[in-house]
Amino acid sequence: MQLPAPRGPITDRLFAELARPPHVFGPPPVGACDAEDDAQLALFVCYELHYQGFDGVDDRWEWNPSVLALRERLEAWFEGWLARRVPRPPAPPPREVPRALAALVAADDGPSLSAYLRSRGDAAQFREFVIHRSIYQLKEADPHTWGIPRLLGRPKAALVEIQSDEYGGGRPERMHAELFRATMRGLGLDDSYGAYLGGVPGVTLAISNVMSLFGLHRHHRGALLGHLAAFEMTSSLPNRRYSQGLRRLGGDADARRYYDEHVQADAVHEQIAAHDMCGAFAAEHPGLTGDILYGAACALTLDRLFAEHLLNRWREGRTSLWQAEWRADAEVTVR
Ligand SMILES: [Fe+2]
Ligand SMILES: [Fe+2]
């Protein structure tokens, strides 16, 4: 993956430093920055050093103290950003956690991106949607995997069971990230990891960043599990609609397999996540039930902000991508 173009003073400075061999540098100021796209991209790049890294960026930057210092400031900014947008749900008693998660999901009244794409979205809009989702879905499940060594016993077994499915149960061609690559190819998109990083706005990056934030900090492990539970509990029905939308637009079975797979898999995963994973974790850590619910609430809020962004832009006849010229309606072909 290539470093994308910088979006403001933070990424401008960070990317210039990363292009050189690892060294100590004074982090650029974050506090004064109100450019969300710049801060989200900088945070995403700091996190990505723990995943696949970047072409031309030395792998040893991963644990460089200057990068970590910048990341800490960006995380403090992002946690404040989340706190302003996500009300903290009341902490339920441990045995009520699965029910409280279900109630939180049921109360979510954000606009339905999947309903729009099932019946009305055009091929160019579906393609944009897939471009946004590629930022996470080409590394699907990786951020929650950070949670495995942070758990013991039942919740650990439950998380591993979910992740094993996400990673294809030993069959690389069944990995969800690989199924998603087939979706991208079916839409004539570049299926290589991170190909569209430069094309997505801050709200899309925030969806990935919140998972890495929760995954890379042990004290957020409750939120990480709640986040995964909310993901699984809001997946089955929307994925059925995405598949129907893609079929309406001419997408073949290979292109739709990612969505079809999730209709079944996540109906199972949501039970494992809510009961075996979050329920068991809550019983062991009664003081963290509020964190579980907060993680779920963060997932739901970010998904709502994402859906609003896409639907609002499309209603205005504009692209939802970062660069307007990325939307090329005329050239879109769905195979
Ligand atoms: Fe998946
Ligand atoms: Fe799943």
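This is a short walk through a predicted model, stop by stop, with something to select at each one.

**Stop 1**

Start by selecting the iron ion (ligand 1). Which residues hold it? Its protein donors are Glu-140 (OE), Glu-166 (OE), His-176 (ND1) and His-262 (NE2), at 1.9 to 2.1 Å from the ion. Along the chain, these donors are spaced as E-x25-E-x9-H-x85-H. Turn the view around the ion and look at the angles: they run from 81 to 168° among the 4 donor atoms, and the site is irregular.

**Stop 2**

Next, pick the iron ion (ligand 2). Glu-166 coordinates both ions, which are 4.0 Å apart. The protein donors around ligand 2 are Glu-166 (OE), Glu-232 (OE), Glu-232 (OE), Asp-266 (OD) and His-269 (ND1), and they lie 2.1 to 2.6 Å from the ion. Read along the chain, the spacing is E-x65-E-x33-D-x2-H.

Keep Glu-166 and Asp-266 selected. Glu-166 sits in helix H8 and Asp-266 in helix H13, and the pair links parts of the chain that are 100 residues apart. Glu-166 counts as buried at 5% relative accessibility, and Asp-266 is buried with a relative accessible area of 3%.

**Stop 1: the largest pocket**

The largest pocket holds about 910 Å³ of space. To find its middle, select Arg-133, Thr-234, Ser-235, Pro-238 and Asp-303, which lie nearest the centre among the 45 lining residues. Several helices give two or more residues to the lining, including H6 (123-137), H8 (153-166), H12 (236-248), H13 and H14 (289-315). What is the lining made of? Its residues divide into 20 nonpolar, 14 polar and 11 charged.

**Stop 2: salt bridges**

Bring the side chains back. How many salt bridges are there? The count comes to 18.

Go to Glu-36 and Arg-85 for one of them, where the closest N and O atoms are 3.2 Å apart. This pair links distant parts of the chain, with Glu-36 in helix H2 (residues 36-48) and Arg-85 in helix H3 (residues 65-85), 49 residues apart. Glu-36 is partly exposed, at a relative accessible area of 33%, and Arg-85 is partly exposed at 29%.

Then try Glu-173 and Arg-171, whose side chains meet in a salt bridge at 3.0 Å, N to O. Glu-173 is partly exposed at 48% relative accessibility, and Arg-171 is partly exposed with a relative accessible area of 43%.

For the next pair, select Arg-304 and Glu-308, a salt bridge with its closest N and O atoms 3.2 Å apart. The two are 4 residues apart in helix H14, so about one helical turn separates them. Arg-304 is partly exposed, with a relative accessible area of 26%, and Glu-308 is partly exposed at 27%.

Definitions and conventions. Residues are numbered from 1 along each chain as its sequence is written. Chains are lettered from A and ligands numbered from 1 in the order in which they are written. This is a predicted model: local features need pLDDT of at least 70, side-chain atom pairs count only at pLDDT 80 or more; totals for chains, interfaces and linings use all residues. Side-chain values use heavy atoms; hydrogens and water are left out. Donors are N, O and S atoms within 2.8 Å of the metal (3.2 Å for Na, K and Ca); water is not among the atoms, so sites may look incomplete. Four donors count as tetrahedral if all angles lie between 85 and 135 degrees; four count as square planar and six as octahedral if opposite donors are over 155 degrees apart and all others between 65 and 115; anything else is irregular. On a 1 Å grid over the protein atoms alone, a cavity is a set of points where a 1.4 Å probe fits but cannot get out, and a pocket is an open set with protein on both sides within 12 Å along at least five of seven lines; lining residues have an atom within 4 Å of a point. Grid points are joined across faces, edges and corners, and a volume is the space filled by probe spheres set on the points. Ala, Val, Leu, Ile, Met, Phe, Trp, Tyr, Cys and Pro count as nonpolar, Asp, Glu, Lys and Arg as charged, and the others, Gly among them, as polar. Buried means under 20% relative accessible area, exposed over 50%, partly exposed in between (1.4 Å probe, protein chains only). A salt bridge is a side-chain nitrogen of Lys or Arg within 4 Å of a carboxyl oxygen of Asp or Glu.
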